[in-house]
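Here's a protein to explore together. Take a look at the model first, and then we'll walk through some of its parts.

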Amino acid sequence: MRTLMRPLFDGATYRSWAYAFLGAALSVPPLVVAVVSAPPGWPLPGRIAGFTLALVAVIAVMGGPRAARRGCVTLANRWLGTELPAPAAASPRSRWANRARTAAWLVPHAAVGVAATTVTGALGFAAVIFPAVWLDGGGRVDVLGGHVTVRAGVAGAWCPVVTALCLLLAAYVTAAAAAGLRLLAPVLLDHRPAERAAAAEERARLLAGRNRLARELHDSIGHTLTASTIQAAVASELLERDPAAARRALNTIEETARAAMDDLDHVLGVLREQHAPTAPARTLADLGTLAESVRRAGAVLEMTTEGALDRVPATVSREAYRIVQEGLTNALRHGAGAGITLRVAAREGLLEVELVNPVGGGARFRRGGRPRQGLAGIADRVRLLNGEVSAGPVDGPGGGGARWRLVARLPLGAGR
């Protein structure tokens, strides 16, 4: 019994009825215009033609705006329980097809809405009138051209049962109407194959952009935390012996943290799809600033550049800067205070980044870095630009200690 009565207590039933009532309301404007367009004085063929043309024209106008399709999809998802995707950008040809499909959707929505609203309204009236007449002492109730006599007292005790049956039947009529519209909705409101392809491309573009932002955030914050940790250790050691040097180290922490906060605000603004603060993308032109921040962190860095770095395509320049930043961050984690050499060369259609640093030194500055994640990010950037990357230990010059060498080669044509 509980299962049988469930539609009466299901919120989806009432949302479906509201959706059907909306369809009935949408039928009013085209029907009014159609009736006005078919005056009684016209001959019957003319009245039929005028009524039909006016009806089709008004429905076409109602389904024409893109907002109408968006509204149909939104309401169907919320009130019918469908899972239709939001309308996507389409070509002019697809837009006209979508307008026709939206207008076509309004026809069954209105027709089913009128039918469901009429039937449920009649059942609701019956559910009220029978017990009302019974409680009022009995009487006659007209039903579908006939009449039903309701007697007072125990003889009319069947009226509450009729009320329950009418309400239950109204709930099932509503559910049936919603089920029919739910089956038809994907046919007329879902994406066409071209729209599905466009939506998939847009989603792939969005995910690629977010992955890029995640890599940039990892590189920027990772570099800042590493440099700040080293500077904090330096300031702690020099606080008593050399307060001026300790103060410079603390100022460096403040500057790098502020730059990282700017990057964080920018990335979070983009991920939230809000207007992000303007943050110029860092390129190879900013290598000097990056190198200076590394030196202020206590590292000995020798940097050389070759070729016209200012003529490197913007995409390659941005990615190369992040590669250098991540490489220097790893060098600080595993060789702070030791000699680091960086060479960036642009020649013969290729940009080469070579970074060499000792490993095993500067243990007092390490704070549990995760070089694998950094190297994976570097490899992703290089792969996206169709470049090559290699990283691993090498022997130091003259039989010196072990050193780590990172080499990335990026084709300059990848950014055009």
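## Two loop residues

Let's start with Glu348, which sits in the loop between strand E4 (339-347) and strand E5 (350-358). Helices (H or I, at least four residues) and strands (E, at least two) are DSSP runs, numbered from the N terminus. Glu348 isn't a glycine, yet its phi is positive, at about 50 degrees. Is Glu348 buried or exposed? With a relative accessible area of 81%, Glu348 is exposed. Here buried means under 20% relative accessible area, exposed over 50%, and partly exposed in between (1.4 Å probe, protein chains only).

Asn386 is found in the loop between helix H12 (371-384) and strand E6 (388-395). Asn386 also isn't a glycine and has a positive phi, of about 60 degrees. Its relative accessibility is 65%, so Asn386 counts as exposed.

## About the model

What you're looking at is a predicted model: local features need pLDDT of at least 70, side-chain atom pairs count only at pLDDT 80 or more, and totals for chains, interfaces and linings use all residues. Residues are numbered from 1 along each chain as its sequence is written, and side-chain values use heavy atoms, with hydrogens and water left out.

## The whole protein

Zooming out, the protein has 12 helices and seven strands. Of its 416 residues, 38% count as buried.

One of the helices, H6 (residues 92-135), has 44 residues. From its first C-alpha to its last, H6 reaches 64 Å, close to the 64 Å expected at 1.5 Å a residue (the expected span is 1.5 Å times one less than the number of residues). Just after H6 comes Gly137, with a positive phi of about 105 degrees.

## Helices that pack

Now for H3 (residues 28-36) and H4 (residues 44-63), which pack at an angle of about 150 degrees with their axes 8 Å apart. Axes are lines fitted to C-alpha atoms, for helices over the stretch in contact, and angles run from 0 to 180 degrees between N-to-C directions. H3 and H4 are therefore roughly antiparallel to each other (under 35 degrees counts as roughly parallel, over 145 as roughly antiparallel, 65 to 115 as roughly perpendicular and the rest as oblique). Contact (heavy atoms within 4.5 Å) is made by residues including Pro29 and Leu31 of H3 and Phe51 and Leu55 of H4.

H2 (residues 11-26) and H5 (residues 66-80) pack at about 145 degrees, with their axes 8 Å apart. Among the residues that meet are Tyr19 and Leu22 in H2 and Leu75 and Trp79 in H5.
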